[in-house]
Amino acid sequence: MSEMLEKILSNENIKTAYKRVYANKGAGGVDGVTVQELEEYMRENWNRIKEQIRTRTYKPQPVKRVEIPKPNGGVRKLGIPTVIDRV
């Protein structure tokens, strides 16, 4: 396994990423997991996800598409990844 990938998947790095995602709040993605549910979700699923990343079988979820109204009357399309994919 590459040294860089192990640094990315280190507990310290993942905790930092989790804290940033949690602090940014934001909407949940297509899986329905909210930022408030992220800690429990990570506790239950992180080992499996980490192994999938290591074996290159992890597939990010599709992004949730939303339209944000613009002041000029148009809309801005926004893609919202799942909270776990943000981590």
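Let's start with the largest pocket. Its volume is about 280 Å³. Keep in mind that this is a predicted model.

Why can we talk about empty space at all? Rolling a probe the size of a water molecule over the atoms shows where empty space is left.

Who lines this pocket? The residues are Asn-11, Ile-14, Lys-15, Tyr-18, Glu-39, Met-42, Arg-43, Trp-46 and Asn-47. Two helices each supply at least two of the lining residues: α2, residues 11–24, and α3, residues 38–54. The largest share comes from α3, with five residues. By type, the lining splits into four nonpolar, two polar and three charged residues.

Now the second largest pocket. Here the volume is about 180 Å³. Its lining runs through Ile-8, Leu-9, Asn-13, Ile-14, Trp-46, Ile-49, Ile-53, Tyr-58, Pro-60, Ile-84, Asp-85 and Val-87.

Look at Ile-14 and Trp-46. Both line the largest pocket, and both line the second largest pocket.

Stay with Trp-46 for a moment. Which residues does Trp-46 contact, leaving aside neighbours within four places in sequence? They are Leu-9, Ile-14, Tyr-41 and Ile-53. Of these, Leu-9, Ile-14 and Ile-53 also line the second largest pocket.

Next, the core. The largest nonpolar core has 13 residues. Those with the most contacts inside it are Leu-38, Met-42, Trp-46, Val-83 and Ile-84. Helices α2, α3 and α4 each supply at least two residues of this core. Helix α3 gives the most, with four. Met-42 and Trp-46 are in the lining of the largest pocket. Ile-84 is in the lining of the second largest pocket.

Last stop, the strands. Strand β1 covers residues 64–69, and strand β2 covers residues 75–80. How do they pair? The sense is antiparallel, over six bridges.

Conventions: Residues are numbered from 1 along each chain as its sequence is written. This is a predicted model: local features need pLDDT of at least 70, side-chain atom pairs count only at pLDDT 80 or more; totals for chains, interfaces and linings use all residues. Side-chain values use heavy atoms; hydrogens and water are left out. On a 1 Å grid over the protein atoms alone, a cavity is a set of points where a 1.4 Å probe fits but cannot get out, and a pocket is an open set with protein on both sides within 12 Å along at least five of seven lines; lining residues have an atom within 4 Å of a point. Grid points are joined across faces, edges and corners, and a volume is the space filled by probe spheres set on the points. Ala, Val, Leu, Ile, Met, Phe, Trp, Tyr, Cys and Pro count as nonpolar, Asp, Glu, Lys and Arg as charged, and the others, Gly among them, as polar. A nonpolar core is a set of buried Ala, Val, Leu, Ile, Met, Phe, Trp, Tyr and Cys residues joined through side-chain atoms within 4.5 Å. Buried means under 20% relative accessible area, exposed over 50%, partly exposed in between (1.4 Å probe, protein chains only). Contact means heavy atoms within 4.5 Å. Two strands pair if DSSP finds at least two bridges between them.
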